[in-house]
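Hi everyone, thanks for coming. Have a look at it first.

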There are 2 protein chains.
Amino acid sequence: MTLARRKTVMTSRGPIETPVFMPVGTAATVKAVTVDELEAMQTQIILGNTYHLMLRPGHETIRKLGGLHQFMGWNKPILTDSGGFQVFSLAKLRKMSEEGVDFQSHIDGTRYLLTPEFANEIQWALGSDIIMVLDECPPYPVTETEARRAMELTIRWAQRTLIIHQKRLEEEALKNSSYKPLLFGIIQGSHFTHLRKECAERLLELHEKHVQKGGCGFSGFAIGGLAVGEPKEVLYEMAAAAAPFIPEKFPRYAMGLGQPEDLVELIGYGIDMFDCVIPTRNARNGELFTSLGDIQIKQAQYKEDSRPIDENCSCPVCKKYCRAYLRHLYLAKEILSSRFNSIHNLHYYATLTRNIRDVLEKKEGKEDSDQKENYYDEFRKSFYRNRTRSSDNNH
Amino acid sequence: MTLARRKTVMTSRGPIETPVFMPVGTAATVKAVTVDELEAMQTQIILGNTYHLMLRPGHETIRKLGGLHQFMGWNKPILTDSGGFQVFSLAKLRKMSEEGVDFQSHIDGTRYLLTPEFANEIQWALGSDIIMVLDECPPYPVTETEARRAMELTIRWAQRTLIIHQKRLEEEALKNSSYKPLLFGIIQGSHFTHLRKECAERLLELHEKHVQKGGCGFSGFAIGGLAVGEPKEVLYEMAAAAAPFIPEKFPRYAMGLGQPEDLVELIGYGIDMFDCVIPTRNARNGELFTSLGDIQIKQAQYKEDSRPIDENCSCPVCKKYCRAYLRHLYLAKEILSSRFNSIHNLHYYATLTRNIRDVLEKKEGKEDSDQKENYYDEFRKSFYRNRTRSSDNNH
């Protein structure tokens with residue numbers, strides 16, 4: 001049975017309709033794309049990277065300039081990560097302790113101690129609408145002992161975060177501010193299904209206790225530590241293992257994912273939110289997503305191809321420009337190539353998730369559970385049928 | 001007395017109001033900027049580089065795809081250079097002969113023989129609205145003997161170009177086509193005022209003879225070989241030397257120029273058209289033009305500066321973003337930095353020339369020659385007064 005579902009997540013800056021894909025705006029910009037272009041393709045929410053922004057231009061600078069929304073000219077919701085993942089992948093000379101993670105900036109070598117409290121403070125300074133807890137994301141593969149150690153630390157850090165976040169919410173309320181950022185917990189456990197399950201259950205316990213004492217608790221849960229080098233089957237297995245332990249009422253977020261196929265699969269496991277650099281990074285490498293399979297725009301077969309990237313696409317690039325022009329811009333290393341390819345790929349992701357929401361709305365209307373199942377299953381089959389037709393498309 | 005003037009140049013794709021600045025679209029794109037953005041800032045005409053386009057994607061490819069306008073989605077006039085200047089500055093293993101210039105592509109080493117006839121054919125294939133003759137542009141400094149030799153060759157090539165261009169116009173007319181590209185001659189002569197004068201006079205003679213025999217003649221004249229390393233005084237002296245020998249009725253075009261100050265000076269010498277990579281190249285290097293002097297956006301003083309680049313500017317970047325954000329994008333090497341800076345700088349040039357046209361329209365309305373003089377002179381003085389106020393601006 002499909003667990004795919006249609007939800008609405010409420011934030012201080014308005015609702016987010018899920019399933020949703022969140023373009024990654026690492027350094028206060030979705031690379032090569034303006035916020036006006038993101039709005040034109042009905043982007044609902046973008047992601048900002050705490051690690052990058054704390055180092056440059058600095059979260060205090062952004063706070064002084066009125067917050068990340070004001071700084072980059074984006075009025076809709078922003079989700080910020082905790083910085084933990086980037087500390088592990090980008091920073092130099094890391095040292096883990098109970099307190100937090102000590103690291104050196106990859107830009108200028110400055111030392112920082114990123115604690116759960118500080119990660120939360122930075123995200124408040126940025127004015128994030130969905131704040132993530134600081135977690136420890138182990139590499140792949142890892143021993144069970146190591147996975148458990150990281151998971152236990154992640155849980156203790158989540159507890160510390162709930163306390164500081166609650167304190168800030170109360171301080172903010174005293175100012176009569178309407179700003180009330182949501183806090184999401186993160187489930188770790190590497191490739192061990194029983195650890196994933198345990199982590200989900202223990203975070204929920206924390207949540208319940210916090211709420212019982214009048215606290216905010218978590219407003220959603222992410223599955224972290226995916227797409228770190230594990231095979232696709234393991235990735236799907238871990239998502240499938242964790243998702244059912246997150247109660248229906250919470251939005252579920254698969255961090256750092258993924259390919260279009262990953263979205264279609266994981267939505268089937270009940271995941272609601274996704275973020276990934278794939279559409280923009282692949283765009284800069286000339287890899288374009290289409291409804292009929294993907295295109296490497298540099299290929300010689302497109303030299304005099306006067307067709308748009310995707311005849312079924314309504315993005316402004318497909319409406320105006322042909323493959324031959326886009327191939328030329330790519331080969332000439334023109335900035336316009338990154339611009340156009342990024343717009344097209346982000347539009348592809350926006351359309352894919354909108355189409356899925358439409359299918360799920362039809363599904364929600366049905367009482368009969370067999371019929372519910374059919375809608376998403378039919379969509380999924382047709383999606384795969386088309387996506388593997390790339391040979392037709394390319395000739 | 002100022003020679004500044006307000007003209008209209010008619011092309012197959014509509015009129016161009018001068019004085020005008022033409023953004024450079026080297027490889028079928030004004031770097032980092034879309035044609036929609038160029039239209040939004042009321043760009044009237046852009047320039048395409050024959051040398052770059054013949055090598056990549058190839059003019060025959062562009063012809064097959066419907067011409068340069070169709071290829072890049074730009075409907076207004078395009079002026080193309082002859083490729084000569086780039087052959088001298090970019091190509092490898094050049095060999096000059098009476099026939100043309102033999103060179104190797106800087107991209108893949110392919111050999112080409114660029115003749116006056118071939119340079120004309122390429123520009124026809126691109127569908128250019130203003131076609132330039134092939135000329136020889138000597139480096140600076142050069143001996144008088146060498147300058148004369150290059151000038152004589154340029155004149156013989158201009159004669160050959162008139163013949164082939166006329167032939168193509170007649171062939172095109174037989175097809176009932178409305179496409180009638182203009183042909184511009186180019187005045188060379190390096191830093192020798194008497195050679196500049198002689199070149200202008202002899203090209204005019206060629207023009208008169210061609211027209212008397214029912215030919216098209218030239219529709220305008222460019223002053224070539226400027227801004228090749230000579231001091232500013234020499235540059236202005238050469239433009240001042242050549243311009244008066246181009247009769248009033250012809251548009252005058254200073255190729256490859258320039259700084260905002262160069263435009264203001266040369267318009268005063270009766271020049272109508274300009275093209276230059278300065279606004280876009282400097283933009284990518286973080287150099288921004290403003291009415292109150294120029295800004296190096298990377299400077300620390302802009303770290304928390306919430307003001308727009310230029311409070312007097314109505315461009316979309318100044319309307320929405322602050323200096324601190326633009327500084328951040330530049331330091332983070334974000335593509336958005338090149339985009340925003342290019343739009344602002346091109347908008348600055350578009351506004352400068354539009355303001356000058358407005359001033360000259362007032363001037364044209366006046367009978368009294370003293371008063372005519374005053375309008376442009378007042379504009380010029382106020383322009384310099386403001387542009388040297390950069391210290392006020394930056395603090």
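Okay, let's start in chain B, where strand S1 (residues 7-11) and strand S2 (residues 14-18) run antiparallel and are joined by five bridges. Quick word on terms: strands (E, at least two residues) and helices (H or I, at least four) are DSSP runs, numbered from the N terminus, and two strands pair if DSSP finds at least two bridges between them. S1(B) and S2(B) make a hairpin, with two residues between them. If you want to find the pairing on screen, look for Thr11(B), which stands opposite Gly14(B) in S2(B).

Before I go on, some housekeeping. This is a predicted model, so local features need pLDDT of at least 70 and side-chain atom pairs count only at pLDDT 80 or more, while totals for chains, interfaces and linings use all residues. Residues are numbered from 1 along each chain as its sequence is written, and chains are lettered from A and ligands numbered from 1 in the order in which they are written.

Now over to chain A. There's an open sheet of three strands here, in the order S6-S7-S8, with antiparallel pairing. Its edge strands are S6 (92-96) and S8 (111-114) of chain A, and each pairs on one side only. Strand S7 (residues 101-104) of chain A is joined to S8(A) by four bridges, and the bridge partner of Asp102(A) in S8(A) is Leu113(A).

So how do the two chains meet? On chain A, 30 residues are in contact with 30 residues of chain B, where contact means C-beta atoms, placed from the backbone, within 7 Å. Helices H3 (59-64), H4 (68-72), H13 (323-331) and H14 (335-364) of chain A each supply at least two residues of the side touching chain B. The largest share, five residues, comes from H13(A).

And what relates the copies?

Notes. Contact = placed C-beta atoms within 7 Å.
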